[in-house]
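The following note was prepared for a colleague who wishes to work through the fold point by point. The model and its sequence are shown first, and the remarks come after.

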Amino acid sequence: MPPPEAETPVELRSDQWYGGSSRNAYIHRAWMRRGIPDDALRGRAQIAIANTASDLTPCNVHLDEIAGSVRAGILESGGVPLNLPVLSLGETQVKPTAMLWRNLAAMAAEEMLRANPIDGVVLLGGCDKTIPALLMAAASVDLPAILVPGGPMLSGTFRGVPLGCGTDTWRLAEEVRAGTLSQELFDASESSMIRSKGHCNTMGTASTMALVAEALGMTIPGVAGTPAADSRLLEAAQRSGRLAVELVEQGRRPRGILTESAFHNALVALAAIGGSTNAVIHLLAIAGRVGVDLSLDDFDRVGSNVPVLVDLLPAGRFLMEDFHRAGGLLPVLKEVGDELRSDSPTVTGRPLVDYLDGAQSWDSEVIRPLQNPVAAEGGLAVLRGNLAPEGAICKPSAASPHLLQHRGRAVVFDSIEDFHARIDDPDLDVDEGSVLVLRGCGPKGYPGMPEVSNMPLPQKLLERGVRDMVRVCDGRMSGTAYGTVVLHVSPEAADGGPLGKVRDGDIIALDVPARSLCLEVPGTELADRRPPPAFTDALAAPARGWSRLYVDSVLQAHLGADLDFLIGASGSDVSRDSH
């Protein structure tokens, strides 16, 4: 019997740095030795741990601990783990908005992954922009990659009631302004809001993007949504480290996972979980990096056929800890399995649908059966009309049903400063039927498209018991927010969009079932109007640095707000040596 054939060694990208006997190879090896044995730099997969841990990104502080478990898994499988700190964005901390730097974080991560002697990467993200930025980077450099989401925080309680971070912040703040909650009690709730490490415990953007990443196939199925404080997340991180070495050995890369079918399944998942509106911009941007022809209309086309099954704040009642206890994403996807594409692969090499057979919901209140949904139609409504020629979005499951068809007088604010200065003016000409319009908050105008679209209501209306109004803005809103908010209006006012021409008293007609957003002004009159100086004077005009590059190059919301020169991929090749 002949001896078994020896396995053909994997051709490692890192050998381009460390292999051979040239002066350059000597330099690359010598400066990395620092006490490690020679075989660590020859024939072993070099795995970067792209780590967004930062003390100024509170939701990601614990990722250093996660990285330790990833490191152990890489070592167990014969790889070499390499910590690679990458740009971190704390949604709650940075001004004017974390979205201004999502593309910078993606670009910096991509360039460092390409420039360094690595064969694969484990992506560690949690807070809102960190997961999208890492996926954008991985898609463009196309090295074997796997994502480990940092996980949501545990549920906190105040006066015996669970608090949804973000969602209850908006709610309690409005009650203070309405005079129904004291400032002292509001302040007291602060220490109860954030109970543990991890990102927001509602179905905000962080939770949404982690779950959507799982639907895309970029995490080990069943991991997304595991609470940050749960020891099972460390176990999953260790498994992910092991798998990263396998990805290198078998040549599985993001562009083979992030297929058109994967994005279809991500849209199904987004609708079924009642996910964040911000996922629209992030998925469009990720798709642009791999050449998948994803459009704004696809979110409505796919999502409108899928019911909302996850009863979580802001559209429902429960929190992410409950969702994990109930079974997580896989039983949700099993319920809507008829809408999924069976050919969508995952980082494990197996199709996503292979993981659904044994999935089970353990709480039919948190994860509803198909026959008893939270809302019959999930997804996000894509609105069009003369006020949003390239589209705008609304999240019906988080809106007030009686406002989904509405006509009202516009009350216009030319900037966020104008809004804050006048919204509580007792003489402001506004009533509950008015439509609040805030402009200058798009990608170019602010800059960076901040989460301001869910404008606080006028205090005098709050005191009368009003808790929702139609609001229209070219900015974004937090995934934890709620209300009848029309956002991502495109093109934005700063890019010549009609929103810049709206005047106080104009009638705006919103019809979500008909998917329309119209300004009842004759076309000829609208064409002749010019934006007022109060608006144009308030627009961002950066003179230098990243903000200047961003404003000059950013695409509109309906295209994912990536930079025009970042669309597509450059791969992992580096053509020239450094010495």
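Contact, as used in this note, means heavy atoms within 4.5 Å. The structure discussed here is a predicted model.

1. Confidence. The protein has a mean pLDDT of 95, and 98% of its residues reach 70 or more. Residues 1-8 form a stretch where the pLDDT is below 50, and beyond near neighbours in sequence this stretch makes 0 contacts in the model.

2. Helix α13. This helix spans residues 296-303 and is mostly covered, with 6 of its 8 residues buried. The buried residues are Leu-296, Asp-298, Phe-299, Asp-300, Val-302 and Gly-303. Which elements cover them? Among those that do are α11, α12, β7 (381-385) and β8 (388-394).

3. Ile-273. The loop that connects α11 (260-272) with α12 (278-290) contains Ile-273. Is Ile-273 buried or exposed? Its relative accessible area is 2%, so Ile-273 is buried. Leaving aside residues up to four places away in sequence, Ile-273 touches Met-203, Thr-208, Leu-211, Val-310, Leu-329 and Val-332. The C-alpha atom of Ile-273 is separated by 9.7 Å from that of Val-306, which stands 33 residues away along the chain.

4. Nonpolar cores. The largest nonpolar core holds 127 residues, and the members that touch the most others are Val-70, Val-122, Leu-123, Leu-124, Phe-263, Leu-283 and Phe-323. Apart from this core lies another, of 28 residues, including Leu-387, Ala-410, Leu-517 and Leu-519. As for Phe-323, the residues it touches, not counting those up to four places away in sequence, are Leu-211, Val-310, Leu-312, Gly-328, Leu-329, Val-332, Val-366 and Ile-367.

5. Helix α7. In this helix (residues 183-193), the buried residues are Ser-189, Ser-192 and Met-193. They lie on the same side of α7 because they cover an arc of only 95 degrees around the axis. The face turned away from that buried side carries the exposed residues Glu-184, Glu-190 and Ser-191. The cover over the buried residues of α7 includes β5 (156-158), β6 (161-163) and α6 (167-178).

6. Strands around β13. Strand β13 (residues 507-511) runs antiparallel to β14 (residues 516-519), to which 4 bridges join it. Strand β9 (residues 405-413) also pairs with β13 in the antiparallel sense, over 5 bridges. Which residues are the bridge partners of Ala-509? In β14 the partner is Cys-518, and Ala-509 is itself the partner in β13 of Arg-407.

7. Positive phi at two arginines. Strands β13 and β14 form a hairpin with 4 residues between them, and Arg-515 lies in the turn. Arg-515 has a positive phi near 60 degrees, although Arg-515 is a residue other than glycine. With a relative accessible area of 22%, Arg-515 is partly exposed. Arg-34 is not a glycine either, yet has a positive phi of about 45 degrees. The place of Arg-34 is the loop between α2 (23-33) and β1 (46-51). Is Arg-34 buried or exposed? Its relative accessible area is 70%, and Arg-34 is therefore exposed.

8. Cis peptide bonds. The peptide bond from Leu-313 to Pro-314 is cis, with omega near 10 degrees. Pro-314 belongs to the loop between α13 and α14 (320-326). The bond from Tyr-446 to Pro-447 is cis as well, and its omega is near 0 degrees. Where is Pro-447 found? Pro-447 sits in the loop between β10 and α17 (459-462).

Technical notes
Residues numbered from 1 in each chain as written. Predicted model: local features only at pLDDT ≥ 70, side-chain atom pairs only at ≥ 80, totals over all residues. Heavy atoms only, no water. pLDDT = per-residue confidence, 0-100. Buried < 20%, exposed > 50% of the residue type's maximum accessible area, 1.4 Å probe, protein only. Pairing = 2+ DSSP bridges. Arc of directions from axis to C-beta. Core = buried A, V, L, I, M, F, W, Y, C linked by side-chain atoms within 4.5 Å.
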